Amino acid sequence: MTRKVPIVVFVLGPPGAGKGTQCQRLAAEYNACHLSAGDLLRAEVAYNGPDGELIKSIISKGNIVPSKITVGLIHRAMIESSQNRFLIDGFPRNMENIQAWREVIGDQADLRFMLFLDCEDDVCTERILARNEGRSDDTPDVIRHRIKVYKESTLEVVDVYRTSQKLRVVKASQSVEDVFNDAKKHFEGF
């Protein structure tokens, strides 16, 4: 039996916008698999994977991991999943990520759209500091750097999906419930 082409939605927004929270809720609502690029990278570090030390060094500084590594981890997780619908959180972060996705996965997946959780810097910073997960990249200096890197690298990606009519925007500074309700409006037929 051949497997259907997986359906994918990228979920992007600044650090602290609520990508993980909304992906968990949307995945439960639509019986989809939530893959967090950041969680996959942190798991590779925790399990001493082949690129673990390199990933750890890059993440601890708030920088972006090379695309081939990130896409490889996402691709492996998709193959290992029994699901056929995926919410990929925190990806693509830069133009190199888009190119690597096209090279590695290309038309092996049906990319429906990018859900962009738009949120102000101060709200994002407050949320990250309040969640207190003990992550090495959740310190005030690294948070500022992560937001700077996000603006320099990721906003260009958002424009690519806006231009191709595949961008759906939700104001993420609202309550968790309001963001969820607004996000669901974009998932008809998912």
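Partly exposed means a relative accessible area between the two cut-offs: under 20% counts as buried and over 50% as exposed. Keep that handy as you click around this predicted model.

**Stop 1**

Select R76 first. At 42% relative accessibility, R76 falls between those cut-offs, so R76 counts as partly exposed. The side chains of E44 and R76 meet in a salt bridge, with 3.3 Å from N to O. E44 sits in helix 2 and R76 in helix 4 (residues 67–80), so this pair ties together parts that are 32 residues apart in sequence. Is E44 buried or exposed? With a relative accessible area of 9%, E44 is buried.

**Stop 2: a salt bridge inside one helix**

Stay with helix 2, which covers residues 37–46, and pick R42 and D39. Their side chains form a salt bridge too, at 2.7 Å from N to O. How many residues apart are R42 and D39 in helix 2? They are 3 residues apart, which means about one helical turn separates them. R42 has a relative accessible area of 27%, so it is partly exposed. D39, at 43%, also counts as partly exposed.

For another salt bridge, jump to R112 and D110, whose side chains meet at 2.8 Å from N to O. R112 is partly exposed at 32% relative accessible area, and D110 is partly exposed at 28%.

**Stop 3: rings meeting rings**

Time for aromatics. A pair of aromatic rings is described by how far apart the centres are and by the angle of the planes. This structure holds 8 aromatic pairs.

Select F10 and F91 and look at their rings. The centres are 5.5 Å apart and the planes stand at 75 degrees, an edge-to-face pair. Where are these two along the chain? F10 belongs to strand 1 (residues 7–12), while F91 is in the loop between strand 3 (85–89) and helix 5 (95–104), so the pair ties together parts 81 residues apart in sequence. Both F10 and F91 are buried.

Next, switch to Y30 and F190. Their ring centres lie 6.2 Å apart with the planes at 85 degrees, so this pair is edge-to-face. Y30 is in helix 1 (residues 19–30) and F190 in the segment after helix 8 (176–184), so the pair ties together parts that are 160 residues apart in sequence. Y30 is buried, and F190 is buried as well.

**Stop 4: charges over rings**

The charged end of R85 sits over the ring of F190, 5.6 Å from the ring's centre. Then try R25 with F180. Here the charged end of R25 sits over the ring of F180, 4.1 Å from the centre of that ring.

**Stop 5: two helices crossing**

Switch to a cartoon view and colour helix 4 and helix 5. At what angle do these two helices pack? The angle is about 45 degrees, and the axes are 9 Å apart. That makes helix 4 oblique to helix 5.

**Stop 6**

Most residues other than glycine have a negative phi, and most peptide bonds are trans.

Return to F91 and show the backbone through to P92. The two are joined by a cis peptide bond, with omega at about -5 degrees. P92 lies in the loop between strand 3 and helix 5.

Now pick N31, in the loop between helix 1 and strand 2 (33–36). N31 is not a glycine, yet its phi is positive, near 50 degrees.

Finish with Q165, in the loop between helix 7 (140–163) and strand 5 (167–171). Q165 also has a positive phi, about 65 degrees, although it is not a glycine. Is Q165 buried or exposed? At 62% relative accessibility, Q165 counts as exposed.

Conventions:
Residues numbered from 1 in each chain as written. Predicted model: local features only at pLDDT ≥ 70, side-chain atom pairs only at ≥ 80, totals over all residues. Heavy atoms only, no water. Phe/Tyr/Trp six-rings, centres within 6.5 Å; stacked < 30°, edge-to-face > 60°. Helix = DSSP H or I, 4+ residues; strand = E, 2+ residues; numbered from the N terminus. Buried < 20%, exposed > 50% of the residue type's maximum accessible area, 1.4 Å probe, protein only. Lys NZ or Arg CZ within 6 Å of the ring centre and 35° of its normal. Salt bridge = Lys/Arg side-chain N within 4 Å of Asp/Glu carboxyl O. Axes fitted to C-alpha atoms, helices over the stretch in contact; angles between N-to-C directions. Parallel < 35°, antiparallel > 145°, perpendicular 65-115°, else oblique.
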